[in-house]
Amino acid sequence: MGVVEFEDVFVKYETYTGSVLALRGITFSLGEGETILVVGPSGSGKTTLLRVILGLVQPMHGTVRVFGMEPRDGKTGLEIRRRIGYLTQEGKMIPELTVWENIIFYAKGRGRKVDENRVRELARELNVEAVLNKHPNQLSGGELKRAELLMVLSDEPELLLLDEPTSMLDAENSKVVIDLLSTFKGSVPMIVTSHDPRLVEVSNRILEVTGGVVRKPEGTAPLSLKDGRPKEDDA
Ligand SMILES: Nc1ncnc2c1ncn2[C@@H]1O[C@H](COP(=O)(O)OP(=O)(O)OP(=O)(O)O)[C@@H](O)[C@H]1O
């Protein structure tokens, strides 16, 4: 059994101007200790795929299992979210709290504990030790991104969903993040969405999503990217 299993998943959003079919028959599974890099153009359904795993969006068709459970009802969704570290594109720190207070509050809300020494070690590795006592609005975009990642990693989640973890970061800090994520590779399963080809380093497989569809069948996804796109000879 995979940590995450999708079988023919369709997602439709209803809007005032009509409906959008964001996922159209997605099938894949994420095994223990595996990292999948999800690539694809803007609007292709990458974030939606993460939100389905979290139970924040319900499929109109198909089956989803996360840790063997279906994230359908509220209680199961909560249990699943408690076990997942989710890095959002927009961030979720509370402005009135410092970074450190956010980390404690976040873990408490999930009924999980924080090992202070471990958090300080991660903060050092992410180069954000100096901002722990600052408020989110006192940080640069890159510092905030790394602080958000620190919060998500701080209570030792069983699955990581990272939406664009290197966006807003310069080359040096992208490397800091990629090096840190490499240390989790193999021990914590991850799904990472990105346009950044350097994230291939932390992934075992690539899922290319285009218009809500996986471009290549599961198992044959290319393992390398060139200019953010799969290499031609792999495609
Ligand atoms: N809450 C929503 N209501 C209506 N439509 C939505 C909603 N969220 C996403 N969509 C639409 O669903 C499609 C997939 O969006 P999604 O955010 O999953 O794409 P993405 O691949 O993550 O994009 P990006 O790379 O820009 O973050 C897009 O057409 C988007 O406009």
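I take buried to mean under 20% relative accessible area, exposed over 50% and partly exposed in between, with a 1.4 Å probe and protein chains only. I take helices (H or I, at least four residues) and strands (E, at least two) as DSSP runs, numbered from the N terminus.

**Basis of the entries**

I note that this is a predicted model, in which local features need pLDDT of at least 70 and side-chain atom pairs count only at pLDDT 80 or more, while totals for chains, interfaces and linings use all residues. Residues are numbered from 1 along each chain as its sequence is written, and side-chain values use heavy atoms, with hydrogens and water left out.

**Helix α4**

I looked up helix α4, residues 116–125, and found Val119, Leu122 and Ala123 buried. They lie on the same side of α4, because they cover an arc of only 105° around the axis; the arc is that of the directions from the helix axis to the C-beta atoms. As background, an α-helix has 3.6 residues a turn, so residues three or four places apart point the same way. I then asked which elements the buried residues of α4 pack against. They pack against α3 (99–109), α5 (141–153) and α6 (171–184), where contact means heavy atoms within 4.5 Å.

I also checked both ends of α4. At its start, a side-chain oxygen of Asp115 comes to within 3.1 Å of the backbone nitrogen of Asn117. A polar contact here is a pair of N or O atoms within 3.5 Å; within protein, one must be able to donate a hydrogen and the other to accept it, and residues adjacent in sequence count only if both atoms are side-chain atoms. After α4 comes Asn127, with a positive phi near 65°.

**α4 against α6**

I recorded an angle of about 140° between α4 and α6, with the axes 9 Å apart. Axes are lines fitted to C-alpha atoms, for helices over the stretch in contact, and angles run from 0 to 180 degrees between N-to-C directions. The two helices α4 and α6 are therefore oblique to each other; angles under 35 degrees count as roughly parallel, over 145 as roughly antiparallel, 65 to 115 as roughly perpendicular and the rest as oblique. From α4, Arg118, Leu122 and Glu125 meet Val176, Leu180 and Phe184 of α6. I list the residues of this contact as 4 nonpolar, no polar and 2 charged. Ala, Val, Leu, Ile, Met, Phe, Trp, Tyr, Cys and Pro count as nonpolar, Asp, Glu, Lys and Arg as charged, and the others, Gly among them, as polar.

**Helix α2**

In helix α2, residues 74–83, I found Thr76, Gly77, Ile80 and Arg83 buried. They line one face of the helix, because they fall within an arc of 130° seen down the axis. Gly74, Lys75 and Leu78 are exposed on the other side of α2. The cover over the buried residues includes α1 (46–53), β4 (61–66), β5 and β6 (159–163).

**Single residues**

A polar atom of its side chain lies 3.3 Å from the backbone oxygen of Arg82. Not counting residues up to four places away in sequence, Arg110 touches Arg81, Arg82, Ile84, Gly85, Asp155 and Pro157.

I placed Thr98 in the loop between β5 (84–87) and α3. Thr98 counts as buried at 10% relative accessibility.

I placed Thr183 in helix α6, where Thr183 is exposed at 51% relative accessible area.
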